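This briefing walks through one protein model, from the overall layout down to single residues. Keep the structure open while reading.

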Amino acid sequence: MSNFHIFRPTGRTAAAALAAALLVCGPALAHEFKLGDLEIGHPWSRATPPGAKVAGGYFTVTNHGGAADRLVSVTSDISAKAEVHEMAVKDGVMTMRPVEGGVEIPAGGKLELKPNGYHLMLMGLKRPAKEGESFPATLTFEKAGSVTVEFQVEGMNGSGMEMDHD
């Protein structure tokens, strides 16, 4: 007779295993950061091909406070420069420009940086953004101050447009 046993989780054991997995993975999956009344949700970037000079960054900022705040600057050691850009399409022509003076997060409101809208441009990449890795960036707000967040690098496929900036 062999000492080999097959483990078949019962309902209670399976539920306990799932709960334990959620406790371990929950914070990583949530991927949120707090700074005062501001909550920064899921900072992410797309993987870049070798030799790429730019990357985009995306996240949400929810303002749970009673006063507006403003995202005024971003820095990251993955790039020489980082700016918040706005992309718009008017009469079939796409334009993209840096946002002067930052971008407001209204009291009780939300700012979304996403492909084809407001987004972070990381210019002068010092290394490729590789899928499965992460990189830090510091977001500075007019009132709340600064917070360092981790951008998760996701696959190159997605709904956003890849752009080349000089």
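The model is predicted. The chain holds 1 helix and 11 strands.

**Overall figures**

- The protein chain has 166 residues, of which 36% count as buried.
- Take the contacts with a separation of 6 or more: residues 24 or more positions apart account for 68% of them.
- The accessible surface of the chain is about 10,000 Å². Carbon and sulfur atoms own 55% of that surface.

- Strand β1 covers residues 32-35, and its side chains alternate.
- F33 and L35 point to one face of β1 and are buried.
- β1 pairs with strand β2 (residues 38-46) in the antiparallel sense, over 4 bridges.
- Within this pairing, F33 stands opposite I40 in β2.
- The two strands form a hairpin with 2 residues between them. In the turn, G36 has a positive phi of about 60°.

**P43 in strand β2**

- P43 lies in strand β2. Is P43 buried or exposed? Its relative accessible area is 0%, under the 20% cut-off, so P43 counts as buried.
- Leaving aside neighbours within four places in sequence, P43 is in contact with H31, F33, Y58, F59, V149, E150, F151 and Q152.
- P43 and V61 are 18 residues apart in sequence. Their C-alpha atoms are 9.7 Å apart in space.

**Aromatic pairs**

- How many aromatic pairs are there, counting rings with centres within 6.5 Å? The count comes to 3.
- W44 and Y58 form a tilted pair, at 4.5 Å centre to centre and 40° between the planes.
- That pair links distant parts of the chain: W44 is in strand β2 and Y58 is in strand β3 (residues 54-63), 14 residues apart.
- W44 is buried, and Y58 is buried too.
- Why does the pair of F135 and F151 count as stacked? Planes under 30 degrees apart count as stacked. The ring planes of F135 and F151 are at 5°, with centres 5.3 Å apart, so this pair is stacked.
- F135 lies in strand β10 (residues 134-141) and F151 in strand β11 (residues 145-154), so the pair ties together parts that are 16 residues apart in sequence.
- F135 and F151 are both buried.
- F59, F135 and F151 form one aromatic cluster.

- H42 has a positive phi of about 40°, although it is not a glycine. H42 is found in strand β2.
- The relative accessible area of H42 is 32%, between the 20% and 50% cut-offs, so H42 is partly exposed.
- D91 is not a glycine either, yet D91 has a positive phi of about 55°.
- Where is D91 placed? D91 sits in the loop between β5 (79-90) and β6 (93-98).
- The relative accessibility of D91 is 76%, over the 50% cut-off, so D91 counts as exposed.

Key: Residues numbered from 1 in each chain as written. Predicted model: local features only at pLDDT ≥ 70, side-chain atom pairs only at ≥ 80, totals over all residues. Heavy atoms only, no water. Buried < 20%, exposed > 50% of the residue type's maximum accessible area, 1.4 Å probe, protein only. Pairing = 2+ DSSP bridges. Phe/Tyr/Trp six-rings, centres within 6.5 Å; stacked < 30°, edge-to-face > 60°. Contact = heavy atoms within 4.5 Å. Areas by Shrake-Rupley, 256 points an atom, 1.4 Å probe, with all protein chains shown as cover.
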